[in-house]
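Trainee: I have a model open and would like to learn how to read it. Could we go through a few features together?

Mentor: Happy to; let's look at it side by side.

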Amino acid sequence: MDQAKNGSFFYKLHGLLHQPLTILILLTGLLVGYFLKVQMRIGVPYWDVFNYLNNALHFANMGNNGVNHLPPLIPALTSIIFRMGYISEDVIFIITGLIFILGVIGLYLLLNERFDTTKSLAGSLIFISLPVIMAWAVSGGIDLPGVVFSIWTIYFLVIGLNKNSKFLFFVLPLLIIALLTRYTTGLVIIPMIFYILVNLNKFKDILHMKKIILGILIECGFLLIIFAYSILQLDTNALFGLFFDIVTSSSSGVEDVAYNPNFLYFLQNSLNYISLGPVHGNYRHLLNPSQGIPSLLAYIIAAIGVMGIFSYIYRVLINAKENNTSRVNLANLGKTTLLLVLFISLVLSFYNKSLILSEIILLALIYFLYRFMISGRFEVDNKLALDLMFLSWFGAYFIFHGILPFKVDRYFTTMAPAFTYFIVLGLSQFIEELKPRIKGLDSKSGWIYIIVALICLSLTTITYTGHTYKKTFTVDISNTCEWIKGYDPNYSSKVIGSDYPNAVTWYLNQKTTGAYLKNYNNEDEFVDYLLKNRVYYYFDSNRPHPNLKGYSIIKTFGVVALYQKDSP
């Protein structure tokens, strides 16, 4: 009996280990473990992570140096561990790493609503292999966590409308969580609205179920209270000021290093987001792929993907012709004219920086495109609906970040799930076109997807492994802060300035004055600013370090120099 049970157990375990999702979870877990090891060694990679860490201290009642208008979820989760006594930047790395694993699982399940398990597995691995995803996976930033909760929001909407309406209960909570993770994830409402509109008949049937609608209304009210409470805890003036600047594009930000008015920035760098050359480049290029060089693989995948997408469009048009939706008649001429007018209006509003109008026109364009393509059919075309939903997902964020005057490569993470979807769709259609022409390809095509995905993953991992630094300069700031604690036990009574103030604030748990030489005409003006603000110690992370009259360098760690005010 026991042997039978043991045999059954090992049989089930063997079967489980051969499931694509199990393989994906194990592989992603191993990769995230490696990424965490690297990230913990090199330290915090960029400015904003220190703001989230300082907010986490604030939420844990261990400091009052937070930035109150930032999204609260990741700092709140981090603060829970801080309250347990483990205070380290490693905490936020681990939390974002675990959320990333959750996101890869969610993407697999979402892809599996359109593709088979092999293609879904390949697509998930390709997603991980995108340089901008791998480099930021465990960085402590909020961009990818926001994407993760967006993926799960969309997934539960899709299966709630197509499989079991009870899953719709999860949609609103996840949308709120996504918003509290990163405010701009609210744009996921565009693909959500599109998918609801094309499934309106299903949605109406669900709304007839009193228990479902009553539960959603109660849930909605409860979540609105939580969301309102969370927002009221923030600096609402700064938050709404930021929102107004984004929506109206009234903040030019010309002096900001991220300022870039190029509307097509992310499209022009799309090859770099697929794969970078493994020989040339460094860690900065991984974080910012636009500064690197695309690999040969990127060109091959892009070419195959584009050919596949064009083939897919051609097949859709042929299918439309068979369904009498492409005949030359007055009705179809009117529909084509409407689509053309909407497209031209979208382009004009986009280049005129009309964000809200552009998003509305995008939604209308894709919805009417769908209605045109299924004209004469009452039932929902699930595949086409998913294809256009992902197109609206990509388009919503492409428009937003194109209009936004600040552009950094990590913003592409918001488009990465849809970008990956169309890579898989293009590759799938390309292989389908080859099957009748190549004998035996049908039975072996599954291996092609896996091989392509593993090549992408291997190449990016090699690049990641070969080009990551031993440490970032923020480790030098950490070492300098530790040194000053021994050098001057009364440092907390002094005014401290820095050109990287949020990092110094985190390491010393003391409010630090921002001081940036680049904002002044010369060093003398900068010194006047330091003296006016009674700065006694100044941390400088620029090279060469400036000659500041009245201040002397007392210690250097790597690229960081610590200045002390000379005695009067």
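Trainee: Which side chain does the side chain of D499 join in a polar contact?

Mentor: That partner is S541, and the polar contact spans 3.0 Å. Keep in mind that this is a predicted model.

Trainee: Where is D499 found?

Mentor: Look in the loop between strand 1 (495-498) and helix 24 (501-508).

Trainee: Now the hairpin. In which sense do strand 4 and strand 5 pair?

Mentor: Strand 4 (residues 551-557) and strand 5 (residues 560-565) are antiparallel, paired over six bridges. F557 has V560 in strand 5 as its bridge partner. Two residues lie between the strands of this hairpin, and G558 takes a positive phi near 60° there.

Trainee: Where in the chain is confidence lowest, and where highest?

Mentor: As a general idea, where pLDDT is low, the coordinates should not be read in detail. In this chain the lowest confidence is in helix 13 (residues 236-248), with a mean of 50, and the highest is in helix 5 (residues 90-111), at 96. Residues 248-255 have pLDDT below 50, and beyond near neighbours in sequence this stretch has 14 contacts in the model. For the chain, the mean pLDDT is 84, with 82% of residues reaching 70 or more.

Key
Residues numbered from 1 in each chain as written. Predicted model: local features only at pLDDT ≥ 70, side-chain atom pairs only at ≥ 80, totals over all residues. Heavy atoms only, no water. Helix = DSSP H or I, 4+ residues; strand = E, 2+ residues; numbered from the N terminus. Polar contact = N/O pair within 3.5 Å; in protein donor to acceptor, adjacent residues only side chain to side chain. pLDDT = per-residue confidence, 0-100. Contact = heavy atoms within 4.5 Å. Pairing = 2+ DSSP bridges.
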